[in-house]
Number of protein chains: 2
Amino acid sequence: MPTESKRYAVGVDLGGTNIVFAVTDLKAKALCKLKMPTLAQEGSAAVIGRIAKGVEEVLVRSKVRSSQIQCLGIGSPGPLNARTGVVYDMPNLPGFHNLPLRDLVQGKTGFKSFLENDAKAAALGEKWAGAARGVENMIMLTLGTGIGGAILLKHELYAGADNSAGEFGHMVIDPDGPLCGCGRRGCLERYASATALVATARQALSGGTPSLLRKLSGGRPEAVTSLMVHQAVKRGDKLAKKLWAELVDRLGTGIANLINIFNPDCVVLGGGLMLADHDLLLPLRANVRSKAFAQPARRAKIIAAKLGEDAGVIGAAAVGISRSGKD
Amino acid sequence: MPTESKRYAVGVDLGGTNIVFAVTDLKAKALCKLKMPTLAQEGSAAVIGRIAKGVEEVLVRSKVRSSQIQCLGIGSPGPLNARTGVVYDMPNLPGFHNLPLRDLVQGKTGFKSFLENDAKAAALGEKWAGAARGVENMIMLTLGTGIGGAILLKHELYAGADNSAGEFGHMVIDPDGPLCGCGRRGCLERYASATALVATARQALSGGTPSLLRKLSGGRPEAVTSLMVHQAVKRGDKLAKKLWAELVDRLGTGIANLINIFNPDCVVLGGGLMLADHDLLLPLRANVRSKAFAQPARRAKIIAAKLGEDAGVIGAAAVGISRSGKD
């Protein structure tokens, strides 16, 4: 049970479907977590009310008193301004337009609050309490629907002039490559996200290429997932292995570029594709080593994120902890 | 004339051909400069002796007393460790192998000394006393024989884990592109350095393409320079304009990638190609704006370096000034 004098942080991970809450110690270690539905359709005022309720509830469950809370950190998707605490827009959350989310939550809860992009918060979570503990310079790529990115240099988040640094997914690695949603061709995201992998698999299946994926997807190419592709790779399927090798090669190019640019201590990979763990990591490490400069390639450990779906809420708490000492 | 109580810095820019010295105020503004030949063939001990002599001489000329010198900064080419002050290797300077250059210079001169890579020092020079004064986040590309790079974030140099961050020239932007000296294909350097421009021009001329460049080079393709290509562009030469447009397009891809990655306030361009100034800057800005994300593209000013050949020595002084307050 927490002692009276010890101090704690609250993390809030606001998503389109769920809000996750945690109480952590000041090393971002979680004591207690809580999840509730966002119910975004009820509008921003209702969602903020639910955030305040959730915070109250997770405090009760953790047996930490309000007076022991040093800070509250919020991780939130979409473009925002971490300095002013304003959320510009939120995918899947209508009504969150130019909303002073940080101050609204601070007003409702009474806790000194901080706001950060959820991908950046997750990277901070990995540094404080996950795969990259104590690492000075790291970059993180989240390989999911798209490719999210975050940069931590000299032990701190680097956010860029408009909080939009880290768009690794939109590094062009082939000017003749496939068209990307951003309007350019050959973005890394078009090769190395779960979405891209699934799209190429579906295309090959529709084109008639024989593959175990046909069976795994019940004969419906549109039902193929990145997990199925990984399963087919493990079972030696030729098409799946080819797609996997292409993904590794393109992702290897992107990561080698980033290693030459940042000379980081560590590259952390998260997101859905990392469910493949070593089946992705091992060939990827070899590929990157063959491409990046020798010394930076030796230096940069390429590792899997550890916190999984907790990264967001732990990271949100870490955002609060790391900034509350400074403001 | 400098007042007795005012404090100053010394910059030393060590090159393969010349050593440049400067005395600057603590805003890196030069009072006095001096250049002498390196005479690298005489060996490292002799070169260090000449550095000490040059420092003595530039102090005498500037009428600043030794007691007024706060620090000395050395900019040096090649791989080095800025923390330990050891130079690993120096292109064109035989005998500079694993040499504790910083401590040797400090021993000889008696001034608190600091060492930095010359490209990084030049970027710091531009920030302190050049094109990017007061800028918080900037990246610099030097478009010359190769492409040098430097990163300044939150007002400080970012060097990476092994002091090798900023290898922008070896960002692969086309996996099917021409082979690079680094062993990979399609590195930015193979498209957007002066060397690359000259190589493609020579190739086209050897292939028989008609061009004003034939006349400008006296009929000798091997005599073509990047300056000649620029002259031919200004005079409307078709081949030169095509090569120039290709260079702008590839460099635009590279810079757009970097803007998406860093979301910087400023991108500073230096090196021989920048003699073309607005003939390169104007089409490049338009190209980058069409490729990078809107907000970061609006934010990032793309500008020419200002200090020219003084960047190295001013930057070296700035390295000393910015670090002497911290150690």
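## A tour from loop to core

Select A:Asp277, which sits in the loop between strand E11 (266–270) and helix H9 (278–289) of chain A. This is a predicted model. Check the backbone at A:Asp277: phi is positive, about 45°, although the residue is not a glycine. Is A:Asp277 buried, partly exposed or exposed? Its relative accessibility is 33%, so A:Asp277 counts as partly exposed.

**Next: A:Asn163**

Move to the loop between strand E10 (156–158) and helix H4 (189–192) of chain A, and pick A:Asn163. Phi is positive here too, near 65°, in a residue other than glycine. Now look at the cover. A:Asn163 has 14% relative accessibility and therefore counts as buried, the cut-off being under 20%.

**Zoom out: chain A**

As a cartoon, it has 11 helices and 12 strands. Its radius of gyration is 21 Å, close to the 20 Å from the globule rule for 327 residues, so chain A is as compact as a globular protein of that length.

Colour by burial. Of the 327 residues in chain A, 57% are buried. Then turn to contacts. Taking those with a separation of 6 or more, 61% join residues 24 or more positions apart.

Switch to a surface view. Chain A exposes about 13,500 Å², and carbon and sulfur atoms supply 52% of that area. Now colour the charges. There are 41 positive and 28 negative side chains in chain A. The centres of the two sets lie 5 Å apart.

**Into the core**

Bring both chains back. The largest nonpolar core has 104 residues. Which residues have the most contacts inside it? Select A:Leu141, A:Phe262, B:Leu141 and B:Phe262.

Stay on A:Leu141 and list its partners, leaving aside neighbours within four places in sequence. Among them are A:Ile147, A:Gly148, A:Phe168 and A:Leu188. Further along the sequence, A:Leu141 is also in contact with A:Leu258, A:Val267, A:Val268, A:Leu269 and A:Gly270.

**Last stop: B:His230**

Go to chain B and select helix H7 (residues 226–234), where B:His230 lies. At 7% relative accessibility, B:His230 counts as buried. What is B:His230 in contact with, leaving aside neighbours within four places in sequence? Select B:Trp244, B:Leu275, B:Ala276 and B:Asp279.

Methods: Residues numbered from 1 in each chain as written. Chains lettered and ligands numbered in written order. Predicted model: local features only at pLDDT ≥ 70, side-chain atom pairs only at ≥ 80, totals over all residues. Heavy atoms only, no water. Core = buried A, V, L, I, M, F, W, Y, C linked by side-chain atoms within 4.5 Å. Buried < 20%, exposed > 50% of the residue type's maximum accessible area, 1.4 Å probe, protein only. Contact = heavy atoms within 4.5 Å. Helix = DSSP H or I, 4+ residues; strand = E, 2+ residues; numbered from the N terminus. Rg over C-alpha atoms; globule rule 2.2 N^0.38 Å. Areas by Shrake-Rupley, 256 points an atom, 1.4 Å probe, with all protein chains shown as cover. Lys, Arg positive; Asp, Glu negative; His and termini not counted. Charge placed at Lys NZ, Arg CZ, Asp CG, Glu CD.
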